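Here is a short briefing to read alongside the sequence and the coordinates. Have a viewer open and follow the topics in turn.

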Amino acid sequence: MSFSLRHVISMKDFTREDIDEIFELAERLERVASGVPCRLLEDKLLALLFYEPSTRTRLSFDAAMKRLGGASIDLGSVEASSVAKGETLADTIRVVGGYADAIVLRHPSEGAARMASEYSRVPVVNAGDGVGHHPTQTLLDLYTIKRENRLDGISVALVGDLRYGRTVHSLAYALALYGARIYLVSPPQLRMPEHIKSDLLESNIVVEETSRLEDVFESVNVLYMTRIQRERFAEPSEYLAVAGSYRLTSEMLSGVRDDLIIMHPLPRVGEIDSSVDETPYARYFKQSFYGVPVRMALLVKLLEGRDLV
Amino acid sequence: MKDGLLIRSIEHGTVIDHITAGQALSVMRIIGINNGTSAVVSVAMNVPGEEMGLKDIVKIEGRELDSREVDKISLISPDATINIIRDYDVVSKYTVELPSEIRGIVRCRNPNCITNTGEPVASAFTVAKDPVTLRCRYCDHIILSDIAEQLI
Ligand SMILES: Nc1ncnc2c1ncn2[C@@H]1O[C@H](COP(=O)(O)OP(=O)(O)OP(=O)(O)O)[C@@H](O)[C@H]1O
Ligand SMILES: [Mg+2]
Ligand SMILES: [Zn+2]
């Protein structure tokens with residue numbers, strides 16, 4: 001089977017075969033991501049359309065495209081562009097699609113990328129739509145688990161803001177494809193939305209919910225930490241209490257499994273103490289590096305073969 | 001009981017029968033009957049049905065329904081039957097059918113959904129049965145209850 005997607009919008013569009021194919025290519029491209037010259041996407045132009053600030057995701061796509069010998073153009077800040085003049089996204093997409101061979105989109109509204117793909121003549125890659133999907137983050141998370149541990153039959157704890165945290169939503173769907181056992185660890189007010197939980201249960205995997213981080217230390221192969229944002233709480237004291245109880249330090253890691261890996265989409269703001277960086281479990285910097293080969297693989301899959309049309 | 005006795009006969013028009021009890025007013029809103037309507041309309045609510053339970057009935061003189069109206073009715077009353085009346089007789093009858101996908105007839109309840117932001121795109125949902133459940137094609141939000149309120 002060969003890669004079937006024309007756009008990358010939601011993890012739900014991916015089959016396991018699609019994912020495996022991306023990962024196979026990503027592994028071959030790790031050398032290129034580290035600087036070995038490559039001209040695979042020479043002559044190709046990628047448009048970066050970010051309606052919300054993001055340094056990492058934007059940089060990582062930019063790096064991926066350039067390492068492959070391609071170039072990228074940037075919409076720039078939202079204020080300076082026609083967006084401020086009230087142009088619809090549907091129009092912007094049709095215009096930019098005339099300039100570039102693919103579009104990377106981040107937008108504050110849920111479903112923006114799906115809509116954009118319906119108006120675009122070139123592939124659209126969703127780099128985050130509101131609290132909706134962020135599939136390339138998910139792919140790099142999954143890839144990290146595969147490269148640093150294994151994907152089949154793994155136990156993963158998703159920790160922190162599971163209500164608004166879009167990265168954990170798509171990751172949970174993807175893990176379900178691999179039959180993972182998923183522990184949802186969050187304060188009660190930041191639980192995983194019901195509709196996602198019901199989708200997960202429908203895919204016949206084991207899902208357990210708890211609000212105590214200590215409950216999962218001995219059971220999991222992967223601890224996936226996320227940021228808990230101050231804005232989610234009415235009371236500062238409530239925020240401090242919650243944030244404090246989801247703060248990982250090296251002392252907490254005495255009873256963990258040998259193969260444990262600790263991940264975080266970064267930037268962290270105190271969820272993981274710097275003492276954890278020196279433990280054999282830390283993988284978050286490796287994880288952010290893997291974003292480049294994974295995005296490279298996606299860009300190659302989406303852009304190559306389009307010349308034949 | 002013969003419901004013909006409850007409300008008057010119509011000569012030409014439509015009888016919407018077997019409406020889920022309590023939904024007659026929503027059905028009337030769907031087909032655009034309001035205080036500006038001059039057509040003869042009869043409504044019966046909570047009528048004991050032939051089989052089990054209660055039903056509502058709406059009868060309109062001189063009017064047939066288009067497919068968009070029928071799709072909307074199916075969402076709030078999946079067992080309704082549409083009877084076309086000519087010369088006081090039922091000349092055709094069908095049960096509404098729940099479409100598997102709907103476009104532009106229900107508004108997404110998520111204020112942050114792209115379909116609620118002034119873009120030219122029409123709302124779209126996939127539809128599941130028993131109970132009727134709508135899932136937004138764009139933002140994945142689910143509408144399970146009070147679908148009538150979301151009709152466009
Ligand atoms: N001329 C008419 N004016 C008003 N109502 C009518 C007229 N003819 C039929 N109806 C109503 O239309 C509905 C369908 O009529 P029909 O004679 O097919 O009844 P039925 O055999 O009970 O049908 P069903 O099996 O759908 O319940 C009934 O509610 C009936 O009262
Ligand atoms: Mg009858
Ligand atoms: Zn929506």
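Predicted model: local features only at pLDDT ≥ 70, side-chain atom pairs only at ≥ 80, totals over all residues.

Asp277(A) has a relative accessibility of 23%, so this residue counts as partly exposed.

**Salt bridges**

- Over all chains, the whole structure holds 28 salt bridges.
- One of the pairs is Glu30(A) with Arg147(A), whose closest N and O atoms are 2.8 Å apart. Glu30(A) sits in helix 1 (residues 16-33) of chain A and Arg147(A) in helix 5 (residues 135-148) of chain A, so this pair ties together parts that are 117 residues apart in sequence.
- The two partners can also be described by their accessibility. Glu30(A) counts as buried because its relative accessibility is 13%, and buried means under 20%. Arg147(A), with a relative accessible area of 30%, is partly exposed.
- Helix 5 of chain A also carries Glu148(A), which forms a salt bridge with Arg283(A), with 2.6 Å between the closest N and O atoms. Arg283(A) belongs to the loop between strand 9 (261-263) and helix 9 (284-303) of chain A, so here the parts tied together are 135 residues apart in sequence.
- Is Arg283(A) buried or exposed? At 18% relative accessibility, Arg283(A) counts as buried.
- A network of salt bridges links Lys12(A), Asp199(A), Arg135(B) and Asp140(B).

**Domains of chain A**

- The domain assignment divides chain A into domain 1 (11-133 + 291-304) and domain 2 (136-288).
- How far apart are the centres of the two domains of chain A? Taken over C-alpha atoms, the separation is 26 Å.
- In domain 1 of chain A, 27 residues are in contact with 24 residues of domain 2 of chain A.

**A surface patch and a strand residue in chain A**

- Ile73(A), Val95(A) and Tyr99(A) make a nonpolar surface patch of about 270 Å².
- Val95(A) is placed in helix 3 (residues 89-96) of chain A, and with 37% relative accessibility this residue counts as partly exposed.
- Ala71(A) lies in strand 2 (residues 71-74) of chain A. Its relative accessible area of 32% makes Ala71(A) partly exposed.
- Neighbours within four places in sequence aside, Ala71(A) is in contact with Lys44(A), Leu45(A), Leu46(A) and Met65(A).
- Ala71(A) and Leu177(A) are 106 residues apart along the chain, and their C-alpha atoms are separated by 34 Å.

**A buried residue in chain B**

- Ile82(B) is found in strand 4 (residues 81-86) of chain B and is buried, because its relative accessible area is 0%.
- What does Ile82(B) touch, leaving aside its neighbours within four places in sequence? The contacts are Thr14(B), Val15(B), Ile16(B), Leu65(B), Ser92(B), Lys93(B), Tyr94(B) and Val96(B).
- Pro111(B) is 29 residues from Ile82(B) in sequence, and the C-alpha to C-alpha distance is 34 Å.

**The open sheet of chain B**

- In chain B, 4 strands form an open sheet in the order 6-7-8-9, with antiparallel pairing. Strand 6 (101-103) and strand 9 (142-143) are the edge strands, each pairing on one side only.
- Strand 6 of chain B pairs with strand 7 (residues 124-128) of chain B over 3 bridges, in the antiparallel sense. Across this pair, Glu101(B) has Thr126(B) in strand 7 of chain B as its bridge partner.
- Strand 7 and strand 8 of chain B run antiparallel and are joined by 4 bridges. Phe125(B) stands opposite Cys136(B), which is in strand 8 of chain B.
- The hairpin of strand 7 and strand 8 of chain B has 4 residues between the strands, and in it Asp130(B) takes a positive phi near 50 degrees.
- Strand 8 (residues 133-136) of chain B pairs with strand 9 of chain B over 2 bridges, again antiparallel. Leu134(B) stands opposite Ile143(B) in strand 9 of chain B.

Methods. Residues numbered from 1 in each chain as written. Chains lettered and ligands numbered in written order. Heavy atoms only, no water. Pairing = 2+ DSSP bridges. Patch = residues over 30% accessible without salt bridge, like charges linked within 9 Å, V, L, I, M, F, W, Y side chains within 5 Å. Areas by Shrake-Rupley, 256 points an atom, 1.4 Å probe, with all protein chains shown as cover. Salt bridge = Lys/Arg side-chain N within 4 Å of Asp/Glu carboxyl O. Buried < 20%, exposed > 50% of the residue type's maximum accessible area, 1.4 Å probe, protein only. Contact = heavy atoms within 4.5 Å. Domains from an automatic or database assignment.
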